[in-house]
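Please have a look at the entry below before reading on.

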Amino acid sequence: MTDAIIGRKPSLSTDFRELKTRPVAAIFAVLLGAIISTLTSRITVLGLADIRGALGVGFDEGAWINTTFTVAQMFVGPIAVWAAFVMGTRRVLLTGACTFLLAETLLPLSGGYPTFLALQALAGAASGVFVPVTVGFVIRALPPNLVPFGVAAYAMNLEMSLNLSATLEGWYSEHLSWHWLFWQNAVLAVGFIAALLAAMPAEPTKAQAGKGDYIGMLLGATGFSLLYAALDQGERLFWFQSPIIGLLVYCGIVLIAAFIVREFVAEHPGLDLTFFLRRNVALMVCLVVLVRLMVLNTNFIPPLYLSIVRGLRPLQVGETLRWVAIPQFLFAPMVAMVLLRIDPRKIIVTGFATIALAFAMGSLITPDWAETQFIPSQLIQALGQTMALTSIIYYFSKHVTLQYALTFGAVVQTARLFGGQVGATSIGVLERVREQFHSNVLGLKVSLYDPLTVNRLVAESIPFGAAPQSAADIPGSAFALLDRAVRVQATTLALADNYRFAFACAVSGVCLALLLKRIDG
């Protein structure tokens, strides 16, 4: 994990500078590993109704299906980085990929809910090693002029995976079956294994690394996992009205506090927390969290609007979102090439400013918007997010000396997952609260004593063959149409508020990026 694992005597310089790797295969491995980690989680959420139906479970039981997967990913991240240092990157990734392949193949055949959850946890733990270990390997082993391309491969997966998932889920549900929500991941795992075999050399095991602080790593991994589960289930269980959420939050905070204390007093700490005191590091962790929050807006607002307001099916929603994913094949390499010539701090600021522009455009949303109205702002946002995330991680990597190279992967993984969940929870809570607010305000203006309301109801009655002479003669179907109009307007206004919140986050990103200091190299 760090030099702390081996008694603060860094030896990574002799371990990794002599590694011979195939850069193209390594970059492809990073892309596939990141895609698998992100796509698996997102497509399971979209296909949850089909999965629940196949397993014969209700909404509450089904809500734990994706939580189980992502909590396992969160838990295994720090442990995977330590294992990669002790046993070698190639061994850990191949073990995770083969385990993931087996779990995803068996999931549709599991039959029962408990077995399904166990396989989900196994798949999550196996895929949890992909991002931190592959990103760490790219930083250590690729030539400096190719590192931006490896980082860009990781960054582009967010836009691609999140925006292609709706298309894939819709296509599977209409043309194949829910089984392919998992079997597609097994197919990707085969390609991932091939890329790993081609890209990464075998490394000797390091017996001297056994001095690591295992208890500290378990405390930190468990604490963050519990907090993640609380954030993921909080909305469904009404937050602290549920004793489960209270227990998860309390235990998570206590374990993380114990982890921090232990890392400061342990003779051989698993994670040297002074890393976060290095120049710019804390700022860049915050920037990664902000980008993850804003990426989720890309994947939250348009699908929600198109499904609720426009009544589109997942496959139709996916046809809009995939036009945001496809340009990533151009955006990501372009940003990587620019990073070789321009100060990354300038690209970070430009990226957040571009995202802010996209959110400002999105805040103009009205109930009359169709699919095509989202594409301009979505494309601008996708470009800005690719610029920001690629530049942040690339600049972040420049702060990582060899003894911190493996820790870097763990930090990226934790910020990616935990920051993403904080963003998803914030967006969900804001959407609910603001929709209730707008619905109440609009509802106060709808009264049968208001001539405008009566005229609207009379007009809504005509398509049903009614010609009411008074409010008492208005059919129930007209009231239902008016109620839907209020809900559509309330939803649209709430989504506009979400865009404004995201705009404020993007502006905050610009301000934080301006605080980054220049480093040599």
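The notes that follow cover helices, salt bridges, backbone angles and a surface patch.

This is a predicted model, in which local features need pLDDT of at least 70 and side-chain atom pairs count only at pLDDT 80 or more, while totals for chains, interfaces and linings use all residues. Residues are numbered from 1 along each chain as its sequence is written, and side-chain values use heavy atoms, with hydrogens and water left out.

- Helix α15 covers residues 344-362; helices here are DSSP runs of H or I with at least four residues, numbered from the N terminus.
- The 19 residues of α15 reach 27 Å from the first C-alpha to the last, close to the 27 Å expected, where the expected span is 1.5 Å times one less than the number of residues.
- Buried residues of α15 include Ile347, Ile348, Phe352, Ile355 and Phe359; buried means under 20% relative accessible area, exposed means over 50%, and partly exposed is in between (1.4 Å probe, protein chains only).
- Two glycines, Gly351 and Gly362, are also among the buried residues of α15.
- Helix α16 spans residues 371-397, and its end C-alpha atoms are 38 Å apart, which agrees with the 39 Å that its 27 residues should span.
- A bend of about 30 degrees occurs in α16 at Ser377; the bend is the angle between axes fitted to the seven residues ending at a residue and the seven starting there.
- Because 19 of its 27 residues are buried, α16 is largely enclosed by the rest of the structure.

**Buried polar and charged side chains**

- Gln381 sits in helix α16 and is buried, with a relative accessible area of 1%.
- The side chains of Gln381 and Gln385 are joined by a polar contact of 2.6 Å. Such a contact is a pair of N or O atoms within 3.5 Å; within protein, one must be able to donate a hydrogen and the other to accept it, and residues adjacent in sequence count only if both atoms are side-chain atoms.
- An α-helix has 3.6 residues a turn, so residues three or four places apart point the same way.
- Arg416 belongs to helix α17 (residues 405-444) and counts as buried at 3% relative accessibility.
- Arg416 and Arg292 are 124 residues apart along the chain, yet their C-alpha atoms are separated by 6.6 Å.

**Salt bridges**

- The structure holds five salt bridges, each defined as a side-chain nitrogen of Lys or Arg within 4 Å of a carboxyl oxygen of Asp or Glu.
- Side chains of opposite charge can pair when their charged atoms come close.
- Asp497 and Arg434 meet through their side chains in a salt bridge of 2.8 Å, N to O. This pair links distant parts of the chain, with Asp497 in helix α19 (residues 476-514) and Arg434 in helix α17, 63 residues apart.
- Asp497 also forms a salt bridge with Arg500, at 2.8 Å from N to O. Asp497 and Arg500 are separated by about one helical turn because they are three residues apart in helix α19.
- Asp497 is buried at 13% relative accessible area, whereas Arg434 is partly exposed at 26% and Arg500 is partly exposed at 45%.
- Arg345 pairs with Asp343 in another salt bridge, whose closest N and O atoms are 2.7 Å apart. Asp343 is buried, with a relative accessible area of 16%.
- Asp343, Arg345 and Arg518 are linked in a network of salt bridges.

**Positive phi in a loop**

- Most residues other than glycine have a negative phi.
- Phe238 has a positive phi, near 60 degrees, and lies in the loop between α10 (214-233) and α11 (243-265).
- Trp239 is placed in the loop between α10 and α11 and has a positive phi as well, near 50 degrees.
- Phe238 is exposed at 55% relative accessible area, while Trp239 is partly exposed at 23%.

**Nonpolar surface patch**

- Trp171, Leu176, Trp180 and Val187 make a nonpolar surface patch of about 380 Å². Patches consist of residues with over 30% relative accessible area and no salt bridge; like charges are joined within 9 Å and nonpolar side chains (Val, Leu, Ile, Met, Phe, Trp, Tyr) within 5 Å.
- Accessible areas come from the Shrake-Rupley method with a 1.4 Å probe, and for residues only the protein chains shown count as cover.
- Trp171 is found in helix α8 (residues 147-175) and is partly exposed, with a relative accessible area of 40%.
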